[in-house]
Amino acid sequence: MDPSLLNNRVWLHHAKAGTVIARQGDQDVSLHFVLWGCLHVYQRMIDKAEDVCLFLTQPGEMVGQLAVLTGEPLIFTIKANRDCTFLKISKSDFYEIMREQPSVVLSVAHTVAARMSPFVRQMDFAIDWMAVEAGRALYRQGDKSDCTYIALNGRLRSVIQKGSGKKELIGEYGRGDLIGVVEALTRQPRATTVHAVRDTELAKLPEGTLNNIKRRYPQVVTRLIHLLSQKILGNLQQLRGPFASPTLLLTSDIIRARLGSSALDSIQEYRLSGWLAQQEDIHRIVLYQTDPTLTPWTVRCIRQADCILIVGLGDQEPALGEREMYEKVFEKNADRHSDFSRLARVLTGNTIALVLGGGGARGCSHIGVIKAMEESGIPIDLVGGTSIGAFIGALYAEERSAVRTKQRAREWAKVGSLWRYVRASASYTPYLPPLCDPKDSHWLVDGCYVNNVPADIARNMGAKTVIAIDVGSQDETDLCNYGDSLSGWWLLWKRLNPWAEKVKVPDMAEIQSRLAYVSCVRQLEVVKSSSYCEYIRPPIDRFKTMDFRKFDEIYDVGYQHGKVVFEGWSRGDIIEKMVKDRRSADFYESKRMDCCPSVPSLVHLLSLTGVLLSPPWSISCPSLVSSCPLHHPLSP
């Protein structure tokens, strides 16, 4: 390490006997390097009246590294029982050194690992880190309990479903809470469903690891019972006691002032997440005020919050602005292709999905059909596909234009992580080898072997209407019945004799092609007869699977067929029924009432203002996003 990095960052301290250098739970921690004497490290134990000495820090050794590296509060007390001399580096100074020379982290982390016992290292290896997105379930009621979770960051909520079908909120969890420990200890099925209220990070402790800890250290069970009782008593006291607690306001300027000008950079993600989690531990309520525009801090506030509030400035004139003139807004027809309209359809259960089937070169007609859909004004909210359909669907999801999709479909763009799954979905075994998924080592092949037109998958994802385009091969049915055996000489004679009736017998390539689709034929028939599916099959049977040289011809067949189909839909009001909101009647009824619009009305209102407004946080008033423990009444 460059010695100049230590200039004006290292301070020499002399401590008299009996001096407490740092206390357990301190947030502002430092690195301490002993030069002379020693420092005693103590920790509070629940079953002992006095603190227990964990270890001594001798000359040449450091203490405080773990708290500095993780940003967590200090987990022990540092005390000088006799006169001692040591060097001190504050956490902020260490971060400055770390930014200039990141390799210093490895040296400091090595000193932490050296103090760990083999058992702790074994436990660390057995514990898994996992992330759960907001809205996702960690586990569901009735699932097998095979592990315990520890919340590292985020918020989770526990809900039980009673026999009557009614759901009841049971508990809420924040950083440091144990989740599912009772079921794991008693080996009972999960009693509740736990889902993440916002993005959450957890440590997963497998059942075997927990049992190993119980056998070697039985006092851990006592500690777990103590923690559970504390949580139960704490919830009861909060329900009975008055609401009085510290509140913290955070803005992007405050963050930069406290953590440095680069605190909001992506490289500081882990540090910022840990620091915000600490503030939520210290303060009962944390208010995150967004920036006026969609900045990284605004995105962070929205994802960090448990409750989002949109407020107006009280120092402005009460006159209505242009964006608040509901009458003018209602005169506009909603842009069904805008992001706001898409959001409205998703929220109200009116999602429109496009599913593109597999079929090799015949899939080039997908682009023509999509072009006809755009001209007919049919919006697309969800895109899925198999084989060539996955490739075309991925291009369209990125480009959102049939013209640009057609241009890019001529090239095989192997950029980013998506290409691997698109390429795997087109791994038709006679021509391309399967791909290995780097995440779980599974072999990935063409989806036509399972589900060539996955309309049912789109339905399960919440789509109200699924437009399914099938370009799979059609099997010939006029094959020759040659009996129980087939003579090669007889077949050769039939082929060479110009007056003999031609015999149709499938060759190995055709048999392989039929086997690829035989497992999903029944699935396709179920989809075609379903009420949610609009089935389309362009007249592309004359084209072969590998006829990619006929790209433009196949595209035009799909386009012309799509125009005919969608013109018929327009005359039959199929498109209008497809995009019609189930709650539109209630909305227009409430619009005539002289009152504030309801939530569905506001969603529709946003869809009407899609041209006037960028995303909703650009409305000319600051957004206050509150974050507080979930057992607080303010949580939604």
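How many helices and strands does the protein have?

1. The protein has 24 helices and 26 strands. Helices (H or I, at least four residues) and strands (E, at least two) are DSSP runs, numbered from the N terminus. The model is predicted: local features need pLDDT of at least 70, side-chain atom pairs count only at pLDDT 80 or more, and totals for chains, interfaces and linings use all residues. Residues are numbered from 1 along each chain as its sequence is written, and side-chain values use heavy atoms, with hydrogens and water left out.

2. Of the 636 residues in the protein, 41% are buried. Buried means under 20% relative accessible area, exposed over 50%, and partly exposed in between (1.4 Å probe, protein chains only). The accessible surface of the protein is about 36,100 Å², and carbon and sulfur atoms account for 56% of that surface. Areas come from the Shrake-Rupley method with a 1.4 Å probe; for residues, only the protein chains shown count as cover.

3. Taking contacts in the protein between residues at least 6 apart in sequence, 74% join residues at least 24 apart. Contact means heavy atoms within 4.5 Å.

4. Helix α3 spans residues 104–115, and Val-104, Val-108 and Val-112 are buried in it. Seen down the axis of α3, the buried residues fall within an arc of 75 degrees, so they line one face of the helix. The arc is that of the directions from the helix axis to the C-beta atoms. Leu-106, His-110 and Ala-114 are exposed, on the face of α3 turned away from its buried side. The cover over the buried residues of α3 includes β6 (62–63), α1 (65–70) and α2 (91–100).

5. Helix α14 (residues 388–399) is mostly covered, with 10 of its 12 residues buried. Among the buried residues are Phe-391, Ile-392, Leu-395, Tyr-396 and Glu-399. At 1.5 Å a residue, the 12 residues of α14 should span 16 Å, which agrees with the 17 Å between its end C-alpha atoms; the expected span is 1.5 Å times one less than the number of residues. Arg-400 follows α14 and has a positive phi, near 55 degrees.

6. On the surface, Leu-12, Phe-33, Leu-35 and Trp-36 form a nonpolar patch with about 400 Å² of accessible area together. Strand β3 (residues 30–36) supplies the largest share of the patch, 3 residues. Phe-33 lies in β3 and counts as partly exposed because its relative accessibility is 30%.

Terms used:
Patches are made of residues with over 30% relative accessible area and no salt bridge: like charges are joined within 9 Å, nonpolar side chains (Val, Leu, Ile, Met, Phe, Trp, Tyr) within 5 Å. A salt bridge is a side-chain nitrogen of Lys or Arg within 4 Å of a carboxyl oxygen of Asp or Glu.
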